[in-house]
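Here is a short report on a structure, to be read with the model open. Follow the headings in order.

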2 protein chains.
Amino acid sequence: MSETITILGAGAMGSALTTPATEGGHTVRLWGTWLDDALLDAVAAGKPHPRLGVVLDPRTGIHRSADLAAALDGATLVVLAVASDGVLDVARRAAPLMSPGTPLLVTTKGFGRDDEGAVQLLPTLLSPVLPGPLVVAGGPCKANEVAAGRPTATAYASVDGPALARAGRLRSAVYRIQYLSDVDGLEVAAAMKNVYAIALGIADGLSERSEVPWHNLKSAVFARAVVEMSELAEALGGTRETVFGLPGVGDLEVTGLSGRNKVYGARIGAGEDPTAALEAMRAAGNTVEGVPASVLAADLVDRLGLPGFGLLRALRAILASGAAAPSMLADAVLP
Amino acid sequence: MSETITILGAGAMGSALTTPATEGGHTVRLWGTWLDDALLDAVAAGKPHPRLGVVLDPRTGIHRSADLAAALDGATLVVLAVASDGVLDVARRAAPLMSPGTPLLVTTKGFGRDDEGAVQLLPTLLSPVLPGPLVVAGGPCKANEVAAGRPTATAYASVDGPALARAGRLRSAVYRIQYLSDVDGLEVAAAMKNVYAIALGIADGLSERSEVPWHNLKSAVFARAVVEMSELAEALGGTRETVFGLPGVGDLEVTGLSGRNKVYGARIGAGEDPTAALEAMRAAGNTVEGVPASVLAADLVDRLGLPGFGLLRALRAILASGAAAPSMLADAVLP
């Protein structure tokens, strides 16, 4: 039985998921926000998606920003894959256009603030808006590899079993899904991995600058990051085990291999001022999600009165003040 | 109060530990096996240690193979850092020359077979031989970085608290030690990380060969490796938490960044026959510890009747038969 799958957001991850979705024989619609027109122009012309370098399956239905109602009409599964800035706005616009009970799979990550200004995980902010159950995606899943059909092990979490099974229809021979019930644990790992990838990048930058490896330090950072993610997951009602699997260990590994957060950290480790490096990357059109996430996460840890989190607090200090990164990083992670 | 620290084995790790040991103001002696003469010639001449590229502190006492009794005379801490092939032999020769009760810190890793041919962790084989308590070392600790004084977070485990404290005298400002009681968990992680580093290398080799990243697969391998290490640790009487820290996650990270096991895997992933690649590396003088360890570990898992361990079993099959590595690896780690 095939689904009608509407993907909201024509950036890298939303567009990449058209690959397993069309392979499964489903009806697939890709809707772009007002910022995605250039991306959809390329897709509609049969050219490679500019952020993926992959030509999408021509059976993919293309829907422009104004076309949200048609994109969602009859959808049996909705995927929310817009940038974190716009995710609540798009969810609020989409909700009244979805059939009640339709599951929504969200690939967007991060923290946000509620109406009182308190830091919350995204599902906490999204759930009240939606007309159906929520499923969240995590794990090591670079969009360009999913789009190109290279093997990927992802993790989906939901407290709603049937919704999880529906979202699982995205599975293909090479895009495989581990099913979890621990939404909070998965979300903590997904949000925090960008923060800690900056720290891994700093160690890489130290190696570049000194032309000798700082692999022991990088690996100590990696191990410390996993411990801190597991502690935050537990503090927010999740389980530590979730972090020790694909959503934490696996996702931190892939995020530390490439991507903007790692690159930003490497610039700091190589000696650039954190603020100047961030502005240079912004000027080139590259947002570094781990930077605001580090502030929000450290604020959350403060508000909860959690002890420890030396690496997270050190990162906040390094990014805010340009404090001496190598010694602060070592102080934070060495036993 | 300063110790007299005798390090047995003048290879990379034994020689590297002279750096924190001399920094601590201890009397430090470095004893070489009959295979270490060329290394000690360089050290004695004040040249860089050939495996480390670092000049050792001139206060280090140099002891040749025939000089074992003098090297051990009055030692208050003995470090055993010889290659796994020779470790039991050296331990048997050293034991009667050590004062009863002298702690021994072992940095050598791996599995061996007991007199009945059953696979055992090294401490199980070593303990009956020794005249004092055993401490084992693990965690992300590349020898050349320790020798050069770059920041390192290592882990020592022992069931003997005073022995652990004595071994902890090796601590320096940059060589820091986490203390654990879980000897079995640490040893499983230390022995298995070489095996799984081959699998990480295979993913790297796929990326080299295809000139596109296989980071999702590599990260799925990483996460799966951590889970399998934690399951084996638990099956052998250790705790899973040990593997989720420096000795497992941290050590696997550093072992996957460089080293012979990773390089061997990369050759397989790039398309070389596993047997031919191993022979080429052996001919160049490079042993690949993860290869025999993979056979011993898979035999151990079979003997214990443990279910799962799909990645370990797949690796044994890939290394033995040259079976199609990419598809076997993906089949083993995708959910």
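Three bridges link strand 2 (residues 27–31) of chain A with strand 3 of chain A, and the two run parallel. A:Trp31 sits opposite A:His63 in strand 3 of chain A. Strands here are DSSP runs of E with at least two residues, helices are runs of H or I with at least four, and both are numbered from the N terminus. Two strands pair if DSSP finds at least two bridges between them.

The model is predicted: local features need pLDDT of at least 70, side-chain atom pairs count only at pLDDT 80 or more, and totals for chains, interfaces and linings use all residues. Residues are numbered from 1 along each chain as its sequence is written, chains are lettered from A and ligands numbered from 1 in the order in which they are written, and side-chain values use heavy atoms, with hydrogens and water left out.

In chain A, an open sheet of eight strands has the order 3-2-1-4-5-8-9-10, with mixed pairing. Its edge strands are strand 3 (61–63) and strand 10 of chain A, each pairing on one side only. Neighbouring strands of this sheet are turned by 25 degrees against each other on average, direction ignored. Axes are lines fitted to C-alpha atoms, for helices over the stretch in contact, and angles run from 0 to 180 degrees between N-to-C directions.

Six of the six residues of strand 9 (residues 152–157) of chain A are buried, so the strand is largely enclosed by the rest of the structure. Buried means under 20% relative accessible area, exposed over 50%, and partly exposed in between (1.4 Å probe, protein chains only). Both faces of strand 9 of chain A are covered. A:Thr152, A:Thr154 and A:Tyr156 are buried on one side. A:Ala153, A:Ala155 and A:Ala157 are buried on the other.

Strand 8 (residues 134–138) of chain A runs antiparallel to strand 9 of chain A, joined by three bridges. A:Val136 stands opposite A:Ala157. Six bridges join strand 9 of chain A to strand 10 (residues 175–180) of chain A, and these run parallel. A:Thr154 has A:Ile177 as its bridge partner in strand 10 of chain A. From strand 9 the chain crosses through helix 8 (residues 161–167) to strand 10 of chain A, and this β-α-β crossover is right-handed. Right-handed means that, with the strands pointing away from the viewer, the path from the first strand over the helix to the second runs clockwise.

## Helices of chain A

Helix 9 (residues 183–210) of chain A lies across strand 8, strand 9 and strand 10 of chain A, at about 40 degrees to strand 8 of chain A. Eleven of the twelve residues of helix 12 (residues 246–257) of chain A are buried, so that helix is largely enclosed by the rest of the structure. Among the buried ones are A:Asp251 and A:Glu253. A:Gly259 follows helix 12 of chain A, and its phi is positive, near 105 degrees.

## A buried loop residue in chain B

B:Thr60 lies in the loop between helix 3 (37–44) and strand 3 (61–63) of chain B. B:Thr60 is buried, with a relative accessible area of 8%. Leaving aside neighbours within four places in sequence, B:Thr60 is in contact (heavy atoms within 4.5 Å) with B:Thr18, B:Thr22, B:Val28 and B:Leu30.
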